[in-house]
Amino acid sequence: LVSLQECQGRTPPHHFDMRTFPLVERQAGGEERLAVSLSYYLPGGGAEYGPQPVEVVFYLLDGELTIQKEDGELRLRAGEALHISAGEQKGIRNDTQATAALLVIACVPPEFP
């Protein structure tokens, strides 16, 4: 059992004006481990455009985020999910005046640092 109040927030590399709180770190899953985190993107916050290091599913709990992909941009709104494969190019921006809450479920290979 993990509560958000117990988690240490951090800002991952290539991210800005946001904090992520790891709820589950590699405790679940088989050979490839699942990690679950809750990320908060402030207005103007985001992640630089570049390759996604591990496979993820984004589920937006609150707010709206702009996701840049190789084939264009899309708006992720509360209640919507998006899958991004490892190696796929993506960027994230919060272009609104409200904080966005994003649940991130990642498939982390054993060799990943």
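I searched the whole structure for aromatic pairs and found one. The rings are those of F21 and Y40, with centres 6.1 Å apart and planes at 75°, so I logged the pair as edge-to-face. (Rings of Phe, Tyr and Trp, the last by its six-membered ring, pair with centres within 6.5 Å; planes under 30 degrees apart are stacked, over 60 edge-to-face, the rest tilted.) F21 sits in strand 1 (residues 15-29) and Y40 in strand 2 (residues 33-51), 19 residues apart. Strands here are DSSP runs of E, at least two residues, numbered from the N terminus.

The model is predicted: local features need pLDDT of at least 70, side-chain atom pairs count only at pLDDT 80 or more, and totals for chains, interfaces and linings use all residues. Numbering starts from 1 along each chain as its sequence is written, and side-chain values use heavy atoms, without hydrogens and water.

Y40 is partly exposed, at 29% relative accessible area. T66, in strand 4 (residues 64-69), is buried at 3%. (Buried is under 20%, exposed over 50%, partly exposed in between, with a 1.4 Å probe and protein chains only.)

I then looked at the partners of T66. Its side chain makes a polar contact with the side chain of D95, at 3.1 Å. (That is a pair of N or O atoms within 3.5 Å; within protein, one must be able to donate a hydrogen and the other to accept it, and residues adjacent in sequence count only if both atoms are side-chain atoms.) Leaving out residues up to four places away in sequence, T66 touches E73, L74, R75, G91, I92, R93 and D95, where contact means heavy atoms within 4.5 Å.

Technical notes. Helices (H or I, at least four residues) and strands (E, at least two) are DSSP runs, numbered from the N terminus.
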